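Take a look at the structure below. Keep it in view while you read.

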Amino acid sequence: MPPLPWLPLGLLLAGTLLAGCSTGPAIDGGTPSAASSAAEAAAAPDAAAPDAAAADTGERLAALLGNTGGPADVVLLGDSFAAGEGAGSYQPVEGVADSLCHRSAAGLLSAAGNSTVIHNAACSRARISALGSAQQMQDHGNAGVPAQLDQLRGVRPDLVLLYIGGNDAGFAELLQACIVEDTSCAGDAVLRQATKQALRDLRAPLTQLYTELGASGAPVLVLPYPRLFDAAQNPGQDACGRLTPEELSFGLDITDALNSTIEQSVAAAGLPNVRYVDALEDSFAGRGACSADPLVVTARLGPLLNAAASVSAAQEVLHPTEEGYRVLTGDLLQWMEDHPS
């Protein structure tokens, strides 16, 4: 594949930094994978199951990409969901050992093992602008974290995976309103209106971004945000710590509306090599943040107390766990097999 085009994207964000996260109908109301090697498996028999999973994932991905001449190069771009926030095993970023970018060696496609080289340029809290210009981040000095595309100069990707849009739509502000504030975010008419406007403003810059990334000819898969909660319980029931059933429903509406905006923007770009993966939205069904066996770092009291004492822990709340990323990876590979390019 030809190298990605390193185009200036800094102008994309004008007018998109609003709070809120939805326009759906309800709102109107480059590190190698950390998988064990074959030699390590021989020395540690109990690692056989993870190694078998890694081999299966790696073989499936290699077959999908038609890669027979060595490891496939996979690029991860975008925000915390691409970076692997919540999975632990965070890697140094630009020499900062405890970077809040939280690039994980246990995130998407990490189970592919040595058949894949993952170039993870994604960063927690990233907005669209972070692809083309430096992202300010604590402990990274005045220069910030270099633009994601600048970090990947010369890489010829076999596949690009992209998660972006949630921070531009004000997800952090929304999360604070729902979890921290005493009043319910679900009934906040101002927040709902801001959410609608935020996603309207997001369509044009997303479309431009997809058009520019797709110009390289490399396959770009645009990933939807998973629904982090299961269907809300009966009104008035304590469903998930500080999150009420009404707020859970609001969160699901927001996620659906954001994904709809992303899908519409991919369609507007109209490039055959830029595709929306309509298969990850329900990857956590039955095991959402409020379940007994969640695939998501929960918003219950324990994690929230940890988050209150640690910026790093606070970032992980309502992000996939290591197992959650494995589930997303499996669903992604299945979609690729069902939708060959």
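The paragraphs below go from the whole chain to single residues.

This is a predicted model: local features need pLDDT of at least 70, side-chain atom pairs count only at pLDDT 80 or more, and totals for chains, interfaces and linings use all residues. Residues are numbered from 1 along each chain as its sequence is written, and side-chain values use heavy atoms, with hydrogens and water left out.

Start with the whole chain. The protein chain holds 10 helices and eight strands. Here helices (H or I, at least four residues) and strands (E, at least two) are DSSP runs, numbered from the N terminus. The protein chain has 341 residues, and buried ones make up 52% of them. Buried means under 20% relative accessible area, exposed means over 50%, and partly exposed lies in between (1.4 Å probe, protein chains only). The accessible surface of the protein chain is about 14,000 Å². Carbon and sulfur atoms account for 54% of that surface. Accessible areas come from the Shrake-Rupley method with a 1.4 Å probe; for residues, only the protein chains shown count as cover.

Now go to the helices. Helix α6 covers residues 189-214, which is 26 residues. From first C-alpha to last, α6 reaches 38 Å, close to the 38 Å expected at 1.5 Å a residue. The expected span is 1.5 Å times one less than the number of residues in the helix. Look along α6 for a kink of about 30 degrees at Arg203. The kink comes shortly before the proline Pro205. The bend at a residue is the angle between axes fitted to the seven residues ending there and the seven starting there.

Helix α7 has 25 residues. Its ends, first C-alpha to last, are 37 Å apart, close to the expected 36 Å. Just after α7 comes Gly270, with a positive phi of about 65 degrees.

Next, find the aromatic rings. How many aromatic pairs does a search of the whole structure find? The search finds three. Rings of Phe, Tyr and Trp (its six-membered ring) pair if their centres lie within 6.5 Å; planes under 30 degrees apart count as stacked, over 60 as edge-to-face and the rest as tilted. Phe81 sits in helix α4 (residues 80-83) and Tyr225 in the loop between β7 (220-222) and α7 (245-269), so the pair ties together parts 144 residues apart in sequence. Phe81 is buried, at 7% relative accessibility. Tyr225 is buried too, at 6%.

Tyr225 also pairs with Tyr163. This pair is tilted, with 5.3 Å centre to centre and 45 degrees between the planes. Tyr163 lies in strand β6 (residues 159-163), 62 residues from Tyr225. Tyr163 is buried, with a relative accessible area of 0%. Together, Phe81, Tyr163 and Tyr225 form one aromatic cluster.

Two loop residues deserve a stop. Glu94 lies in the loop between β3 (90-91) and β4 (103-104). Glu94 has a positive phi of about 50 degrees, although it is not a glycine. His102 is in the loop between β3 and β4. His102 is not a glycine either, and its phi is positive, near 55 degrees. Is His102 buried or exposed? His102 counts as buried because its relative accessibility is 3%.

End at Thr57 in helix α3 (residues 48-65). Thr57 counts as buried, at 9% relative accessibility. Leaving out residues up to four places away in sequence, Thr57 touches Ala111, Ala112, Thr329 and Leu333. Contact means heavy atoms within 4.5 Å.
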